[in-house]
Every structure is written in C-alpha cells, then in structure tokens.
Amino acid sequence: MQTPVQISFEHLEHSGAIEHRVSEQLEKLEQFCGRLTAARVVVAREQRRHHKGDNYSVRLLLSVPGAEDIAITHNTTDTGRHEDIHVVISDAFAAARRRLQDFVGKRQRREKLDDVDLGRD
C-alpha cells in the first residue's frame, strides 16, 4: 500500500486484526482509484453500555488530488443493529468505494468533454 494511512481507535483497544482489515480495504480502494494521497480511519466503540452488543462507528477521510476530501461515517446506531466490527468496516469502505466511483466517473466524463472541445479548435 502506497497511500499514507493513519488508523486510530477510540474507546477500543488497538487490534492487529482490525488494523489488518482496514489495510486490506484500503488496498482495494487503491486498486480502484490509485490516486489516493492520504487516508485517515477512526474505528470507535460507543461509550454507552448495552445489553445486546456494542455499537461501532467507522469514520474515513480520504484525500484525492483534484477533489475535495471524501468523508464517510458509518455508524451502527443509525441502523439500530449491533453489527460485528468487521461488517461495519466493510460497509464504510463500500460507501467510500461508491463515492470514489462517482468521482472517477465525473472526472472521466470531464476529460472526454475537454478532449472533444480541444478537437473543435
């Protein structure tokens, strides 16, 4: 992985397995959009105690040249489900992938339009 990455844990002990899962997901994003210049990932557990599992959130901040930073927050309290942390990570990165696909698609359409405009001159 070439993108500089910062992985933080909030109210959750550092876990090599979670860090590895995040790194795998970032590598997949890099394969899709090799233009990531930085990534910050925060994996957090809600501080409130629950009778049926914990609520987790994953926040992503991805830097892409020529665009605003892409910010994603996936939070299990929004869905009301108590999901496994690995599912929450996968869902957050799936949302990031969709956002990057939109960005790449827009950039490609813009480049095609620029090529057509240059051809008219």
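The protein contains three helices and four strands, where helices (H or I, at least four residues) and strands (E, at least two) are DSSP runs numbered from the N terminus. Along the sequence the pattern reads β-α-β-β-β-α-α.

Because this is a predicted model, local features need pLDDT of at least 70 and side-chain atom pairs count only at pLDDT 80 or more, while totals for chains, interfaces and linings use all residues. Residues are numbered from 1 along each chain as its sequence is written, and side-chain values use heavy atoms, with hydrogens and water left out.

**Starting at isoleucine 72**

- Is isoleucine 72 buried or exposed? Isoleucine 72 counts as buried, because its relative accessibility is 6%; buried means under 20% relative accessible area, exposed means over 50%, and partly exposed lies in between (1.4 Å probe, protein chains only).
- Setting aside neighbours within four places in sequence, isoleucine 72 is in contact with Val58, Arg59, Leu60, Ala92, Ala95, Ala96 and Arg99. Contact here means heavy atoms within 4.5 Å.

- The four strands form an open sheet in the order E1-E2-E3-E4, with mixed pairing. Two strands pair if DSSP finds at least two bridges between them.
- Strand E1 (5–10) and strand E4 (70–75) stand at the edges; each has a single partner strand, so one side of each has no neighbour in the sheet.
- On average, neighbouring strands of this sheet are turned by 10 degrees against each other, direction ignored. Axes are lines fitted to C-alpha atoms, for helices over the stretch in contact, and angles run from 0 to 180 degrees between N-to-C directions.
- As background, strands of a sheet pair through backbone hydrogen bonds, either parallel or antiparallel.

**Pair by pair**

- E1 and E2 pair in the parallel sense over six bridges, and glutamate 10 stands opposite alanine 44 in E2.
- The chain crosses from E1 through H1 to E2, and this β-α-β crossover is left-handed. For reference, a crossover is right-handed if, with the strands pointing away from the viewer, the path from the first strand over the helix to the second runs clockwise.
- E2 and E3 pair in the antiparallel sense over eight bridges; arginine 45 has tyrosine 56 in E3 as its bridge partner.
- Strand E3 (residues 56–63) and E4 are also joined, in the antiparallel sense over six bridges, and serine 57 has asparagine 75 in E4 as its bridge partner.

**Helix and core**

- Helix H1 (residues 16–32) lies across E1, strand E2 (38–45) and E3, and runs at about 140 degrees to E1.
- Which residues have the most contacts inside the largest nonpolar core? They are Val22, Val41 and Leu62, in a core of 28 residues. A nonpolar core is a set of buried Ala, Val, Leu, Ile, Met, Phe, Trp, Tyr and Cys residues joined through side-chain atoms within 4.5 Å.
- The elements giving two or more residues to this core are E1, H1, E2, E3, E4 and helix H3 (85–120). H3 provides the largest share, nine residues.
- Not counting residues up to four places away in sequence, leucine 62 touches a list of residues including Leu26, Leu36, Ile70 and Leu100.

- Histidine 11 lies in the loop between E1 and H1. Although histidine 11 is not a glycine, its phi is positive, at about 55 degrees.
- Most residues other than glycine have a negative phi.
- Histidine 11 counts as partly exposed, because its relative accessibility is 44%.
- The hairpin of E3 and E4 has six residues between the strands, and there glycine 66 takes a positive phi near 80 degrees.
- Threonine 77 has its place in helix H2 (residues 76–79) and is partly exposed, with a relative accessible area of 30%.
- Threonine 77 and tyrosine 56 are 21 residues apart along the chain, and their C-alpha atoms are separated by 7.7 Å.

**The whole protein**

- Of its 121 residues, 37% count as buried.
- Among contacts between residues at least 6 apart in sequence, 62% join residues at least 24 apart.
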